[in-house]
Amino acid sequence: MSLLLSPYEQGKIHLKNKVVMPPMCMYHADHDGKVTDFHLTHYTARALGGVGLIIVEATAVEPRGRISDNDLGLWDDSQLLGHEKLISHCHAYDAKMAVQLAHAGRKSICKESTPVAPSPLRFSEKSEFKLPHELTLLEIEEVKEHFVQAALRASKAGYDLLELHAAHGYLLCEFLSPLTNKRHDRYGGSLKNRCALVVEIAEAILKAVSLPLIVRVSADEWMKDGWNVHDTIALSLALKEVGVALIHVSAGGNHEQQTMPPLVALYQAAYAKTIRKEAGIATIAVGLITTVNEGEQLLGDETCDLVAYGRELLRNPNFVFFAAKEQGRKELIETSYLRAF
Ligand SMILES: Cc1cc2nc3c(=O)[nH]c(=O)nc-3n(C[C@H](O)[C@H](O)[C@H](O)COP(=O)(O)O)c2cc1C
């Protein structure tokens, strides 16, 4: 029996299959951060193609938290309508919808704003990366409130789940790492202090909205004396404690000088397995997973609960139909496309 194509149930999460489209920035919004026709076509194509859970790309909780000037946003009520439309288009094909709530921190390359960070350290000497402003305790409270307000808007728009972006060297990830967080207050120093902001935001979101929450992490930052998988287990345990449903396990992105492992199939999957086992929390595996068999293998050996196919779904929005054909499950293929399979 196919594990990949069978439903997933956990609490309020009900997915028709275990294929996840992970968040992927499309840089197709205008400066107002609103959903465009491109987003409607792009995400609806993957919903029509049978994806169980679509996680909409990094969506900024405040303007200076955008990665680029063309990111999506949920910092203003005027942005709601586009998300509502996007969700209703994708729901029509039975895909569940999540949005990744994001703050770019020091990796923002927006032209008109100064990036913010736990400590005033540039990501890179390249000119697009500016020296970030070190957030004060008061400003940290404001950032937390931006996340909560964006979560409330996402809930109002009709999202089924939320994802908190704490990976890839963006603001929340910067707080986690001892290499980018040099603070001496209650958000810096010990592992517990460095994890505090992510845990407090997750807790505040879960208090404000009644949607399941995924947290995306970089399990290892691939730097000597940096954030590692043991730290991620500790963070995952704390997130489980406040009610987070799933950890979406990525890696890297916090340092220009990171030493990446060889980019081979499933290169990040072992982290998902370790976190699932050691923290006792459901995981999503991601990273160079491209085939049906790989997904089945990861689910079968209890590496993860859900499987994310990123670039594969950019190449092939009908990936799920190919999987259904391969497994003799033609009833899962959109009727109008049956003659093509
Ligand atoms: C075009 C593109 C945009 C991406 N944007 C995001 C993003 O918005 N948020 C995020 O957490 N990861 C982002 N990623 C990383 C993907 O979600 C995923 O982790 C990565 O592509 C590895 O998975 P894959 O090998 O299946 O593509 C992006 C990747 C790509 C290729």
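This is a dialogue about reading features in a predicted model.

Biologist: How many helices and strands are there in the protein chain, and how compact is it?

Modeller: The protein chain has 10 helices and 13 strands. Its radius of gyration is 19 Å, close to the 20 Å that the globule rule gives for 341 residues, so the chain is as compact as a globular protein of that length. Along the principal axes, the C-alpha atoms fill a box of roughly 60 × 40 × 40 Å.

Biologist: What share of the residues count as buried, and which residues touch the most other members of the largest nonpolar core?

Modeller: The general idea is that nonpolar side chains tend to be buried together in soluble globular proteins. In this structure, 50% of the 341 residues count as buried, and the largest nonpolar core has 102 residues, of which Ile54, Leu162, Val198, Val215, Ala285 and Val307 touch the most other members. Helix α3 (residues 137-157) gives the most to this core, with 7 residues.

Biologist: Which way do the residues of strand β10 point?

Modeller: In a regular strand the side chains alternate between the two faces of the sheet. Here Leu213, Val215 and Val217 point one way from β10, while Ile214, Arg216 and Ser218 point the other way, and all are buried. Since 6 of the 6 residues of strand β10 (residues 213-218) are buried, the strand is largely enclosed by the rest of the structure.

Biologist: Which strands pair with β10, and in what sense?

Modeller: Strand β9 (residues 161-166) pairs with β10 in the parallel sense over 5 bridges, and the bridge partner of Ala166 in β10 is Val217. Strand β11 (residues 246-250) also pairs with β10 in the parallel sense over 5 bridges, and here Ser218 has Ser250 as its bridge partner in β11.

Biologist: With which residues is Val215 in contact, leaving aside its neighbours within four places in sequence?

Modeller: Those contacts of Val215 are Leu164, Ala166, Val198, Ala202, Leu239, Val244, Ile247 and His248.

Biologist: Where does Val229 lie, and how many other C-beta atoms are within 10 Å of it?

Modeller: Val229 lies in helix α6 (residues 229-242), and it is partly exposed, with 17 other C-beta atoms within 10 Å, whereas a buried residue would need 20 or more. Its C-alpha atom is separated by 5.0 Å from that of Ala219, 10 residues apart along the chain.

Biologist: Which residues surround the ligand?

Modeller: The ligand is surrounded by 20 residues, the closest being Pro22, Met24, Ala58, Gly310 and Arg311. The elements β4 (53-60) and α9 (311-315) give two or more residues to this shell, which by class has 10 nonpolar, 6 polar and 4 charged residues.

Conventions: Residues numbered from 1 in each chain as written. Predicted model: local features only at pLDDT ≥ 70, side-chain atom pairs only at ≥ 80, totals over all residues. Helix = DSSP H or I, 4+ residues; strand = E, 2+ residues; numbered from the N terminus. Rg over C-alpha atoms; globule rule 2.2 N^0.38 Å. Buried ≥ 20, exposed ≤ 12 C-beta atoms within 10 Å, placed from the backbone. Near = placed C-beta within 6 Å. Nonpolar A, V, L, I, M, F, W, Y, C, P; charged D, E, K, R; others polar. Core = buried A, V, L, I, M, F, W, Y, C linked by C-beta atoms within 7 Å. Contact = placed C-beta atoms within 7 Å. Pairing = 2+ DSSP bridges.
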